[in-house]
Amino acid sequence: APASAAAVHGIKGTVTDSGGNALSAVYVRAYTGDGLWAASGMTDALGSYQLTSLTPGGAYYVCFAVNVPQGTSHTGYSSECYNNVPWSGSTPLPAGLAAVTVPAAGSATANAALEVAPGITGTVTGGGHPLPNVQVRFTDTSMLDRSTVTNADGTYGIALPPGSYTVCFGARFSAPVGSSGFISECHSNVVWSSSAADPPPTATPVVVTNSIVTVNADLAAGGVIKGKVTDSAATPNPLAFVNVTAYADGLDAAWATTSWDGSYTLTGLAGLPYVVCFADPGLGGSSTTGYLPECYNNAPNDGTFVGTTQVTPTPGGAPTIVNAALTTAGGIVGLVTDPSGKPLSGVSISVADSATGNYLNGATTGADGVYRVRGLMTGSYEVCFSGGSGPSAGGYLKECFDNQPTTGTPTPLAVTAG
């Protein structure tokens, strides 16, 4: 006679929401009376699960956890243990659980109907149209951030523990190509820079208890700053891949990179004063030493914004034009050899400010021993050399320009930009 199939001893059941709709991909775990893991599984498309390899006569606690929103809930479902006991999703298990006993033959049944998790849901629109890919950030009173992004239809949802939250909407990546973008904001209608570490204090907090709170947002059309970046030649040449950033109150509010024709466009800007700054590396132009970073209008791009000219775009209005002609940077070029005159490759060159000793830039020699350091302002620099590949088995001593040791005060090297 054929051998009979091995008996299945376990726990099975179905997991649904409170309306009876099947929930798939729910983690189901069985724990011993001591709270030790014994078995785990996951519900299928019909919400069914089967835990096997459990001891007949053994008593187990069965718990259910949902990690992804599904069904009719945008916030997911609250984890629980059999029978209707809220669960954190980890051990130790809550007190007062009902144990499920595995029969001598077959499986015991433990079903669950999970409650919708408390949290915040809503829809984000721009001019009344759904906005996908909006970053929605939730900041609690301890400044802990959680976030999600809007779906294709502009909806979002997140499960949150009870508490007070500031809800902010970042629209940097939600604007259709060619549009003016949308202004990021916090609830309710408070302009916000999504690069800010904390939300604005004037934002209206949202309190979550044990239910779902709806927070919608209709973002306003943004302003636009656009222009072209070139070199300073008599016949200007466009500069590609220059990083352009608009700052408001010292925070980066928007950024872009110039195209091959030197053009750029910043969108989604509020009606605030902005400082627009430009930073090499750029491709194009006639300079072999790069171009000096600057802020509009011909002010140093040193993070202080001293001497800059602010511009204020009009939300939903015509673009504000900001062009820039970058000044040719200074540079240092040289050849590194061994004592016999053979080129050394792989030598690291560091350039520091002579006055402060702060590292500013560097380079590495190529196979021909040549190096080139770009992007230097007019000033005095210390240039030092280390490493390298050559015929010496013991390597090469570190030194600074003009055969000076790396200790003490190396001989300064003057560089002129422009």
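Predicted model: local features only at pLDDT ≥ 70, side-chain atom pairs only at ≥ 80, totals over all residues.
Visitor: How many disulfides does the structure hold, and in what order are the bonded cysteines of the chain paired?
Guide: A disulfide is a covalent bond between the sulfur atoms of two cysteines. The structure holds 4 disulfides. When the bonded cysteines of the chain are numbered in sequence order, the pairing reads 1-2, 3-4, 5-6, 7-8.

Visitor: Which strands hold Cys63 and Cys81, and how many residues apart are the two?
Guide: Cys63 and Cys81 form a disulfide in which the sulfur atoms are 2.0 Å apart, and with 100 degrees about the S-S bond this link is right-handed. The pair links distant parts of the chain, since Cys63 is in strand E5 (residues 59–66) and Cys81 is in strand E6 (residues 80–81), and the separation is 18 residues.

Visitor: Are Cys168 and Cys186 buried or exposed?
Guide: The sulfur atoms of Cys168 and Cys186 are 1.9 Å apart and form a disulfide. Cys168 lies in strand E16 (residues 163–170) and Cys186 in strand E17 (residues 185–186), so the bond ties together parts that are 18 residues apart in sequence. A residue counts as buried under 20% relative accessible area, and by that cut-off both Cys168 and Cys186 are buried.

Visitor: Why is the disulfide of Cys277 and Cys295 described as right-handed, and what is the torsion about its S-S bond?
Guide: Cys277 and Cys295 form a disulfide, with 2.0 Å between their sulfur atoms. Cys277 lies in strand E26 (residues 275–279) and Cys295 in strand E27 (residues 294–295), so this pair ties together parts that are 18 residues apart in sequence. Both cysteines, Cys277 and Cys295, are buried. The disulfide of Cys277 and Cys295 is right-handed because the torsion about its S-S bond is about 95 degrees.

Visitor: How many of the 8 residues of strand E11 are buried?
Guide: Strand E11 covers residues 119–126, and 5 bridges join E11 to strand E15 (residues 155–159), the two running antiparallel. E11 is largely enclosed by the rest of the structure, because the number of its 8 residues that are buried is 7.

Visitor: Which residue takes a positive phi in the hairpin of E11 and E12?
Guide: E11 and E12 run antiparallel, and their hairpin has 2 residues between the strands. The residue that takes a positive phi, near 65 degrees, in this hairpin is Gly127.

Visitor: Which residues make the nonpolar surface patch of about 250 Å², and how does Val370 count in accessibility?
Guide: The patch is made by Val333, Leu335 and Val370, and Val370 is found in strand E34 (residues 370–376). Because its relative accessibility is 34%, Val370 counts as partly exposed.

Definitions and conventions. Residues numbered from 1 in each chain as written. Heavy atoms only, no water. Disulfide = S-S within 2.5 Å. Helix = DSSP H or I, 4+ residues; strand = E, 2+ residues; numbered from the N terminus. Buried < 20%, exposed > 50% of the residue type's maximum accessible area, 1.4 Å probe, protein only. Patch = residues over 30% accessible without salt bridge, like charges linked within 9 Å, V, L, I, M, F, W, Y side chains within 5 Å. Areas by Shrake-Rupley, 256 points an atom, 1.4 Å probe, with all protein chains shown as cover. Salt bridge = Lys/Arg side-chain N within 4 Å of Asp/Glu carboxyl O. Pairing = 2+ DSSP bridges.
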